[in-house]
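Here is a short report on one protein model.

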Amino acid sequence: MARKRFGQHFLHEQGVIDRILSMLSPAPDDALVEIGPGQGALTTPLLDRVARLSVIEIDRDLVADLHARASTDTRLDVIEGDALRIDYAALAAERGRALRLVGNLPYNISSPLLFALLASSAPITDMHFMLQKEVVDRMTAVPGSRDYGRLTVSIAARADAQALFDVGPGAFTPPPKVMSSVVRVTPRPPDFEIHDGRLFDQLVTAAFSQRRKTLRNAIRDFLSAEAIEACGIDPTLRPERLTAAQFAGLANAAHAGGSAG
């Protein structure tokens, strides 16, 4: 039975499962990690394709079933815990290679988990996640669009995000009240220099905390209007007009001491 506090919606539609497997295209020696295996709709076909599969599950009832399965299948490695608190760098070291992550993520942890994974030092080849469609729309938005915001910029600075396909509520039990989408996230070094990643995230968060504000007002605690202009950016622009590279330029200026004080 799905637990509301874990935001569980179990995937069951075989056509969707087949499409995810096709997009993922796992190799036998991949260090594959499934987050939130639930009732095992993806777990079983994944085990047919890889030599070893690690699964992360927080629900004790589901963990018990997974441990019972692992007792007769040495390919399955069960990790009981909160996906937000897992040491993915240690897991990659134990597996001896960069991780590939896959999962039907509970909606209530999707954004925090993405931020945590991209800020992690863990080597990650790619991530294939089922998320709420509106989250994927924000991840893949372009500057100036309605969905463009903090999540877009934070992802763009650290990874390439590609929406693969949408999934209707009927593919899940119980059916969610919203559409879902499968997204591929491929971590990569930034195309531009970021002197202080934490400061960059703080500035971006401040910029989008009140979308109607201009840059001059939104990031006044970081940079003066003159300092913003010195970066070649109009301080009267709203944050959604800027690219991730422009935000990096502003954060670097603040790091160098351009704060308005």
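Is Thr173 buried, exposed or partly exposed? Thr173 is partly exposed, because its relative accessible area is 42%. Keep in mind that this is a predicted model.

**Around Thr173**

Thr173 sits in strand E8, which covers residues 172-173. Apart from neighbours within four places in sequence, Thr173 is in contact with His9, Phe10 and His12. Take His12 as an example. Thr173 and His12 are 161 residues apart in sequence. In space, their C-alpha atoms are 7.1 Å apart.

Now step one bond along. What kind of peptide bond joins Thr173 and Pro174? The bond is cis, with omega at about -10 degrees. Pro174 belongs to the loop between E8 and strand E9 (180-187).

**The whole protein**

Zoom out. The protein has eleven helices and nine strands. Its C-alpha trace spans about 65 × 40 × 30 Å along the principal axes.

How much of the protein is buried? Buried residues make up 49% of the 261 residues. Take the contacts between residues at least 6 apart in sequence: 65% of them join residues at least 24 apart.

Leu21 lies in helix H1, residues 14-24. Leu21 counts as buried because its relative accessible area is 6%, and buried means under 20%. Which residues does Leu21 touch? Not counting residues up to four places away in sequence, they are Pro26, Leu42, Pro45, Leu46 and Arg49. Leu21 and Arg49 are 28 residues apart in sequence, and their C-alpha atoms are 9.5 Å apart.

Ser25 is found in the loop between H1 and strand E2 (31-35). Ser25 has a relative accessibility of 51%, so it counts as exposed. Its backbone deserves a look too. Phi of Ser25 is near 45 degrees, a positive value in a residue other than glycine.

**Strand E2**

Ala31 is in strand E2. Ala31 is buried, because its relative accessible area is 1%. Setting aside residues up to four places away in sequence, Ala31 touches Arg95, Arg97, Ala98, Leu99 and Arg100. Ala157 is another matter. Ala31 and Ala157 are 126 residues apart along the chain, and 25 Å separates their C-alpha atoms.

Asp234 is placed in the loop between helix H10 (225-230) and H11. Asp234 has 37% relative accessibility, so it counts as partly exposed. Beyond its neighbours within four places in sequence, Asp234 is in contact with Leu215 and Ile228. Asp234 and Arg216 are 18 residues apart in sequence. Their C-alpha atoms are 8.7 Å apart.

Here are the C-alpha pairs side by side.

| Pair | Apart in sequence | C-alpha to C-alpha |
|---|---|---|
| Thr173 and His12 | 161 residues | 7.1 Å |
| Leu21 and Arg49 | 28 residues | 9.5 Å |
| Asp234 and Arg216 | 18 residues | 8.7 Å |
| Ala31 and Ala157 | 126 residues | 25 Å |

**Two helices that cross**

Two packed helices are described by the angle between their axes and the distance between the axes. Apply that to H8 (residues 197-208) and H11 (residues 244-255). Their axes come within 9 Å. They cross at roughly 115 degrees.

Which residues make the contact? From H8 come Leu199, Phe200, Leu203, Val204, Ala207 and Phe208. From H11 come Ala244, Phe247, Ala248, Leu250, Ala251, Ala254 and His255. By class, this contact holds twelve nonpolar residues, one polar residue and no charged residues.

Technical notes:
Residues are numbered from 1 along each chain as its sequence is written. This is a predicted model: local features need pLDDT of at least 70, side-chain atom pairs count only at pLDDT 80 or more; totals for chains, interfaces and linings use all residues. Side-chain values use heavy atoms; hydrogens and water are left out. Axes are lines fitted to C-alpha atoms, for helices over the stretch in contact, and angles run from 0 to 180 degrees between N-to-C directions. Helices (H or I, at least four residues) and strands (E, at least two) are DSSP runs, numbered from the N terminus. Contact means heavy atoms within 4.5 Å. Ala, Val, Leu, Ile, Met, Phe, Trp, Tyr, Cys and Pro count as nonpolar, Asp, Glu, Lys and Arg as charged, and the others, Gly among them, as polar. Buried means under 20% relative accessible area, exposed over 50%, partly exposed in between (1.4 Å probe, protein chains only).
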